[in-house]
Amino acid sequence: MELSFNGPSGTLQVALAVLLGLGTLGYGGYSYAAQSTALGSSETVEATVISTGVESTKKQHGTSYTPRVTFNYTYDGERYTSTNVYPGELPREFDSESEARAQLDGYAAGQTVDAYVRPSAPGNAYLKHEQSDKPLLVMGFGALFLLGTAVSVVRN
């Protein structure tokens, strides 16, 4: 079985493919750094849950579900509201609504919970002090895109 790959061939196509690959790789790296910074430099504060829910997004191959929690907290005498369940830029998506709802266990309206605040970004607190591999997957996709472009250029 032979794998057939027809990538970009013209100078403009190659340049655009390289820019897209580098952009994706860079965004994944930025997201990973933001997540790592949030996990490494956060302080714990008390927060009050205002509401919870699951947001659904229709995609080409089905629907994804993202848990949402709105909560209030005070940091350095200032009052803030946040909706971040997890640290970092990339949302965590689940394949079923029940999976997403399971992430909300322990977060009911009116409940006092721990939230994590970065002193450098006090308005972006989050609730679950967990690392995601999604930024690494985005970086991997960007690297594969660049590799595919390089293979295409060498073949042509």
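I started with E46, and found its bridge partner in β4 to be D114. I'm working from a predicted model, so everything here is computed. Stepping back to the whole strands, I see β1 (residues 43–59) and β4 (residues 112–118) running antiparallel, joined by 6 bridges.

Next I checked how β1 pairs with β2. I get 12 bridges between β1 and β2, again in the antiparallel sense. For a landmark I picked V54, which stands opposite P67 in β2.

Then I went to the helix. Is T24 buried or exposed? I note that T24 sits in helix α1. Its relative accessible area is 17%, and because that is under the 20% cut-off, I put T24 down as buried. Leaving out residues up to four places away in sequence, I find T24 touching V138, F141 and G142.

I read a volume of about 350 Å³ for the largest pocket. I have 19 residues lining the largest pocket, and those closest to its centre are N84, Y86, P87, G88 and E89. Which elements supply at least two residues each of that lining? I wrote down α1 (11–40), β2 (62–75) and β5 (121–126). Sorting the lining of the largest pocket by class, I get 10 nonpolar, 5 polar and 4 charged residues.

Definitions and conventions
Residues numbered from 1 in each chain as written. Predicted model: local features only at pLDDT ≥ 70, side-chain atom pairs only at ≥ 80, totals over all residues. Heavy atoms only, no water. 1 Å grid on protein atoms, 1.4 Å probe; cavity = no way out; pocket = protein on both sides within 12 Å on 5 of 7 lines; lining within 4 Å. Points joined across faces, edges and corners; volume = space filled by probe spheres on them. Helix = DSSP H or I, 4+ residues; strand = E, 2+ residues; numbered from the N terminus. Nonpolar A, V, L, I, M, F, W, Y, C, P; charged D, E, K, R; others polar. Pairing = 2+ DSSP bridges. Buried < 20%, exposed > 50% of the residue type's maximum accessible area, 1.4 Å probe, protein only. Contact = heavy atoms within 4.5 Å.
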